[in-house]
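Subject: Structure for you to look at, with notes

Dear colleague,

Here is the structure I promised to pass on, together with its sequence.

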Amino acid sequence: MARAARFLLDTNVWSYAADEAMLPDMLQACRNKRVVFMVAPASVTEARELGNPEIRKRILTVMTHGRWTRLMPDAYLEAQEIKAAILSLRPQWASAEREFKDFNKVRYDWLRRNGGFWERARKDIQLPPTDESLRGQIENRLARQEVRDIRDMFRGRNQSGGLTHLQSVTIAPNGSISGMTAVDYWRLTSSYILLKELQIYASPYREWLDCEVDIHALSADMKDFENMWFRELRPEQVKRQWLRGSMEFLQRWHKSSDGSPVDSQLTSHLIDADYFVTADKNFAKCVERIHAEAPFVTGKPLKISAGRNGINDLITFIRSVA
């Protein structure tokens, strides 16, 4: 039996479905179990920041419906890839004392059907500040800061043109990496963010990693880390890092907005889906470039219209493929 077609929806698609009261239409579209709608935590966190409580409640009710496939946060999925790569290439950095109590507690908060992140979002419950209740907001804020940091980092540098094949995009590393005058763009941006996050004890990336990776051992040997990250690591081992770096590179050639960091977070999920559905033409163009040029399989973009017509576009397309 063929696997169900997986559709990852951009935040604007969920918004249209909520505004136009088209939840029943969407449920009908995937009722035959040959279609799966996927919702990313980054989109839910973005919706939770909406100021109008009625609009916020309406969209969260649609996004958190139990029929959809709920993805784990991008930071968790990226950390699992990074952890696997580190333990494969540098087994000496494995933690001698593996403690999974906190890891499992936080992971369960995302996985549980009742009482966890998704139920709090559905009921629009604002809890007192804790790592668990605010994890989505923390990760979203980090993503926004990352975009600003990367732009500051590369401000004024000569960079390859926007039409450069994504597997050929390089940048000078400021002479900080021994013997290398140019490195893959995604490697430099991802190493910059990763090393910065590992210095923050409460960073989600660190919390997902340090149950199995000895952060202190890794940080104590930056030369070996550079050898691993810039010379040995293959894109296929950390696909989500390649995806994020490629999206951030493409965003340099398009007008950015407050949604740009969320776009980068959603891009991390392109290997989880067959189709990425959005009404944002620039986002769709970027996803098309990534789909065509990635060294591994990613979801195809599906550009739809705005509003009710857009949801109808999606349903019509589903009928043609499912």
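Which residues point one way from S6, and which the other way? Before the answer, please keep in mind that this is a predicted model. Tyr275 and Val277 are on one side of the strand, Phe276 and Thr278 are on the other, and all of them are buried. In a regular strand the side chains alternate between the two faces of the sheet.

**The chain as a whole**

The chain has 322 residues, of which 54% are buried, and its secondary structure consists of 16 helices and seven strands. Of the contacts between residues at least 6 apart in sequence, 77% join residues at least 24 apart.

**Strand S6 and its neighbours**

S6 is paired with S1 in the parallel sense over three bridges, and in that pairing Phe7 has Tyr275 as its bridge partner. S6 is also paired with S7, again in the parallel sense, over four bridges, and here Phe276 stands opposite Pro301. Together with helix H15, residues 281–293, the strands S6 and S7 make a right-handed β-α-β unit.

Phe276 itself deserves a look, as this residue of strand S6 has a relative accessibility of 1% and therefore counts as buried. Although Phe276 and Phe7 are 269 residues apart in sequence, their C-alpha atoms are 5.9 Å apart in space. Not counting residues up to four places away in sequence, Phe276 touches a set of residues that includes Leu8, Leu9 and Asp10, Phe283 and Val287, and Lys300, Pro301 and Leu302.

**The nonpolar core**

The largest nonpolar core has 95 residues, and the members that touch the most others are Phe7, Leu9, Trp14, Phe37, Trp68, Ile290 and Leu314. The largest share of this core, seven residues, is contributed by helix H5, residues 74–89. In soluble globular proteins, nonpolar side chains tend to be buried together. For Trp14, leaving aside neighbours within four places in sequence, the contacts are Leu9, Met26, Phe37, Met38, Val39, Ile59, Val62, Met63 and Trp68.

Helix H16, residues 307–321, has 15 residues, which at 1.5 Å a residue should span 21 Å, and the 22 Å between its end C-alpha atoms agrees with that. Which residues of H16 are buried? They are Gly307, Gly310, Ile311, Leu314, Ile315 and Ile318, and because they cover an arc of only 135° around the axis, they lie on the same side of H16. The face turned away from that buried side carries the exposed residues Asn309, Thr316, Arg319 and Ser320. On the buried side, H16 packs against strands S1, S2, S6 and S7 and against helices H1 and H2.

In helix H4, residues 53–63, the buried residues are Arg56, Ile59, Leu60, Val62 and Met63, and these fall within an arc of 160° seen down the axis, so they line one face of the helix. The buried residues of H4 pack against H1, H2, S2, H3 and H7.

Ser43, in helix H3, residues 41–48, has a relative accessibility of 0% and so counts as buried. Ser43 and Met63 are 20 residues apart along the chain, with 8.5 Å between their C-alpha atoms. Apart from neighbours within four places in sequence, Ser43 is in contact with Leu9, Asp10, Thr11, Met63 and Leu266.

**Two residues with positive phi**

Most residues other than glycine have a negative phi, and most peptide bonds are trans. Ala21, in the loop between H1 and H2, has a positive phi, near 50°, and Asp124, in the loop between helix H7 and helix H8, has a positive phi near 55°. Is each of these residues buried or exposed? Ala21 is exposed, with a relative accessible area of 59%, whereas Asp124, at 18% relative accessibility, counts as buried, because the cut-off for that term is under 20%.

With best regards

Key
Residues are numbered from 1 along each chain as its sequence is written. This is a predicted model: local features need pLDDT of at least 70, side-chain atom pairs count only at pLDDT 80 or more; totals for chains, interfaces and linings use all residues. Side-chain values use heavy atoms; hydrogens and water are left out. A nonpolar core is a set of buried Ala, Val, Leu, Ile, Met, Phe, Trp, Tyr and Cys residues joined through side-chain atoms within 4.5 Å. Buried means under 20% relative accessible area, exposed over 50%, partly exposed in between (1.4 Å probe, protein chains only). Contact means heavy atoms within 4.5 Å. The expected span of a helix is 1.5 Å times one less than its number of residues. The arc is that of the directions from the helix axis to the C-beta atoms. Two strands pair if DSSP finds at least two bridges between them. A crossover is right-handed if, with the strands pointing away from the viewer, the path from the first strand over the helix to the second runs clockwise.
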